[in-house]
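Me: I would like a close look at a single part of this model, with the criteria stated alongside the values.

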Amino acid sequence: MHLLAHDSEAFARWDAGQGLLRQAVLARAAGQPDGGLEDALITAFARILHDPRLSEASRAMLLSLPGLAELEDGPGEPDPPALFAALEALRALFGAALAAPLQAALERCTPQWSLDWPDGSGARRLTGTIWSWRAAAGDAAVIAAARAAVDGPSMTLARAGLRALQAREIPERQEAVDAFYQRWQSRPVILDAWFALEASAPFGDGLERVQRLLQHPRFDPAAPNSVRAVLGGLAGNPPVFHAADGSGYRFMASQIAALDRRNPITASRLAKVFSRWQSYGPGRGGQMRQALESLAASELSTNSREVVEQCLGAA
């Protein structure tokens, strides 16, 4: 903890923080939050937000939370929905406990938003973190600012606003994604970000949402990037893809089988989402294996069959 709060070497400070954050997330995911560790992290983050020696980019780096892929590599059998919920809970906790220093940092960053890269990049990145934490804590002003950013001139801030609202089932989120779509619907490369965002929305209608996206008039089933945006978005949606009843796995398997008939290369790459099935334990792992077996029973291209058989043989 001392390294995170005080060390003068940036990598050592970041590495110490990542280790402590992993501990905090894993404890919450296991249903045993470590209050002492979380309080110490809040104190360290307050120091980081006030430290005059740090650039805004360095602050953003030090406040970054570990990713789900890294957390799944931790000890024991990973529970992706629990890890996702733990990350969201910590964002809300940090956003509430650090309200004053986060607001001060935001006020410091705001005048730098319009600066050209690289001058304003650190401030824009830190703004995204602040929005994410304060939106999770329910800050109405920040939620409004994140929504407004979608209409602004900065794509970096627009995407930061969308990310901050992504897991919030509130009107402002829907307004933001609708505005982003309306603004960029004629630009397929940018619109793929909208498809991915909607496919990864962690709400109860997840599979129905993905099905609607696959039938959307702007979705191009012949474009690999569009397919990866939607099905990759689903794979990156822990509460939906990793649903305990296996529905996300079965849906993905059926989509890969259909995709394989028109684009074997993209299908074979997507099939790798099942490659770690044996690490999830008998319940979730068994559901994932069943989805793989259903794929193996389909008429597959050589590429996809090779990937599926490699996955099944990885036990």
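Which residues lie nearest the centre of the second largest pocket, and how many residues line the second largest pocket?

Reply: The model is predicted, so local features require pLDDT of at least 70 and side-chain atom pairs count only at pLDDT 80 or more, while totals for chains, interfaces and linings use all residues. Residues are numbered from 1 along each chain as its sequence is written, and side-chain values use heavy atoms, with hydrogens and water left out.

The second largest pocket is lined by 16 residues, and Ala69, Glu72, Ala235, His242 and Tyr280 lie nearest its centre. Here a pocket is an open set of points on a 1 Å grid over the protein atoms alone, where a 1.4 Å probe fits, with protein on both sides within 12 Å along at least five of seven lines; lining residues have an atom within 4 Å of a point. The volume of the second largest pocket is about 300 Å³, taken as the space filled by probe spheres set on the points, which are joined across faces, edges and corners.

Two or more lining residues come from each of α5 (68–72), α14 (224–235) and α15; these helices are DSSP runs (H or I, at least four residues), numbered from the N terminus. The largest contribution is that of α5, with three residues. By class, the lining of the second largest pocket comprises nine nonpolar, four polar and three charged residues (nonpolar: Ala, Val, Leu, Ile, Met, Phe, Trp, Tyr, Cys and Pro; charged: Asp, Glu, Lys and Arg; polar: the others, Gly among them).

Helix α15 (residues 238–241) also holds Phe241, which is buried at a relative accessible area of 2% (buried means under 20%, with a 1.4 Å probe and protein chains only). Ten aromatic pairs are counted in the model, where rings of Phe, Tyr and Trp (its six-membered ring) pair if their centres lie within 6.5 Å; planes under 30 degrees apart count as stacked, over 60 as edge-to-face and the rest as tilted. Phe241 and Tyr249 form an edge-to-face pair, because their ring centres are 5.1 Å apart and their planes stand at 85°. Tyr249, like Phe241, is buried. Phe241 and Phe274 form a tilted pair, because their centres are 6.2 Å apart and their planes are at 40°. Phe274 lies in the loop between α17 (264–270) and α18 (281–296), so this pair ties together parts that are 33 residues apart in sequence. Phe274 is buried, at 0% relative accessibility.

Key:
Buried means under 20% relative accessible area, exposed over 50%, partly exposed in between (1.4 Å probe, protein chains only).
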